Amino acid sequence: MRLRVVALVTVALAAALPSAAQQLPGIVRPEHYDLTFVVDLERERFDGTETIRVQTSEPTTRVVLNAVDLQLRDVMIGSGASAQKAAVTSDQSNQTATLTVPKTLPKGASEIHVRFSGVLNDQLRGFYISKANNRKYAVTQFEATDARRAFPCFDEPVYKATFALTVTLDRSDIAISNGKVVSDTPGPRAGQHTMTFGTTAKMSSYLVAIAVGDFQCLNGRAENVPVRICATPDKMALGHIALDDALQILEFYNGYYAIKYPFGKLDVVAVPDFAAGAMENTGAIFYREVDLLADSTSASLGARKRIAGVLAHEMAHQWFGDLVTMQWWDDLWLNEGFATWMANKPLAAAHRDWNIGVDEAVENQRALDLDALRSTRPIHANVQTPSQIDEIFDAITYEKGASVLRMVESYVGEATFRRGVNAYLEAHAYGNATSEDFWKAIADTSGKPVERILPTFVNQPGVPVIDVSLACTGNRTAVTLSQQRFLGGSGSGGSGGSGPEGTAERWQVPICIKAAGRSAPACEVLSDTSRTITLDGPCVPWVFANAGAHGYYRTAHSSDILRAIAPRVTAELTPAERLSLIGDEWALVRAGRHSMADYLTLVAGYGREQSSGVLEEATTRLRFVHDYLATDATRPPLERFLRSLFRPLLGEVG
Ligand SMILES: [Zn+2]
């Protein structure tokens, strides 16, 4: 899912969580759902029938599944002569229905038959009514826990099953779902038609999707996969940018992943009312209109980037999330961190001029800012209830997850990381996985201690700051690195935090050091609180301890290093590195660790900055210094400094 606005402030999750009571018992597991829906837009209702083929792991008289705001009728368990009528008790607080039969169900295969009905709600979740052009549409949005509002189901990501859907609807409308349309017949009543969709691959219930209305689609094909961009009839023509992007992204992903696009067809549907930015339903991505549609003759660069970026995110989910799904919501980052990390790759490949590396550095800075709060949380979150699950769709899951992946990718090398990712996807395709499965796959492929590094970033809250200082002894450069938890914001004093037992947090930090006059960076894992590394060759005047700007940590270079590196930033650092350096320096000043003099020493090197993203970072901060921090006495010399600093740049733009 791509959120419209990713929550920037996380709240610390309550330490005392309820027991795992909200998870299903696990004795009965679904294998296949046959589902029919009759959608009545006029009366804003739906009726359905369902047969779930299940496997029971031990004899039982009870089946517990999820259902909310649904009326269940004619519930039978078993088939043929052994079918028995089940009594239904609902538990509103746990969002479950318990089906009880008189005679014990044996271990093994069984079937559950249910008739159900519900209201097409106005809450933008479950199966809901959406309105545009003086008419109604019916749309689903199930992530994280709302499939249970549309049909009774085992509504947890681990209960993967295949789904065969049939939808009866008004003759003038169409339905779009996860599978290809395999039949479309008139009736059963006058004015209706019935569309049957091909059985899906094995997938989690939160990825089931149905959209009903007068949608019209643009058609394309990439890698032999039919791709459609669908919208209300008045907006269909605004889908051309998205169609071109979707075809390019599909080709890119089919090249990157060892497993080709696994779901047969891809529909992308712009929905008039949609709460999230977009949702990666398997083979049927649903989208907020403004994030998908734009006039190809007048769309701004920002609009084009947004359309491509969200599509790349949702399409990445077809592998990360849909094909391989986190075992439980506590590892949501395996979906969202991955999709956020991956989405930049097809964009960077197709649009070199978009400077995606700078966008990634901005993404890192956003995560670092949030993670410097005392109230931050670990990426891996202990969540049980639907509201706890909803809370973790935040920048820690998305942006920090992506940043940490970029760091490990950079540490093991892009090609090795890709092999590890593909090994992970192949091992868990059509199944579920945990964080441990992921870091084991990367460790096995790379032979590097990724299984020690990643847990310190995934299971521990916060972010380290790496202090960097230089000494020249015996004509060799000694770089001393030390780590501590970074707590940002004014008034924090920037002192290190402490862990749950009062112990200082420690990370296993892969650090790559770029040095003056050296072509290749030197990479090390900082495991201890402090460590000194000796560089080959004669002494150097400066080092930069975040080569590539891929590290997920703040870097505090000593004042000497800042003075030496400032005049060399344009010549020797990439735009992303420059952004990371100046962004970190500002955070250090705000935390009271470095002085404003340090910041101004460094910023003096940015007078000829050409990258708009980097320039924006520097000028935004300088404006803040000028407007809020400078006094009547210091403002005039500051203004003189800024004028002389940016004079060359202003001269170039005229
Ligand atoms: Zn997502």
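Student: How do the residues of the lining of the second largest pocket divide into nonpolar, polar and charged?

Tutor: The model is predicted, with pLDDT of at least 70 required for local features and 80 or more for side-chain atom pairs, while totals for chains, interfaces and linings use all residues. Numbering runs from 1 along each chain as its sequence is written, and side-chain values use heavy atoms, without hydrogens and water. The lining divides into 10 nonpolar, 9 polar and 6 charged residues; Ala, Val, Leu, Ile, Met, Phe, Trp, Tyr, Cys and Pro count as nonpolar, Asp, Glu, Lys and Arg as charged, and the others, Gly among them, as polar.

Student: Why is the second largest pocket said to lie between domain 2 and domain 3?

Tutor: Domain 2 (329–458) and domain 3 (464–653) both contribute lining residues, so the pocket lies between them. The domain bounds come from an automatic or database domain assignment.

Student: What makes Met 1, His 313, His 317 and Glu 336 donors of the zinc ion?

Tutor: A donor is an N, O or S atom within 2.8 Å of the metal (3.2 Å for Na, K and Ca), and sites may look incomplete because water is not among the atoms. Met 1 (N), Met 1 (O), His 313 (NE2), His 317 (NE2) and Glu 336 (OE) lie 2.0 to 2.4 Å from the zinc ion, and therefore qualify. Their residues follow the spacing M-x311-H-x3-H-x18-E in sequence.

Student: Are His 317 and Glu 336 buried or exposed?

Tutor: Both are buried, that is, under 20% relative accessible area, where exposed is over 50% and partly exposed lies in between (1.4 Å probe, protein chains only).
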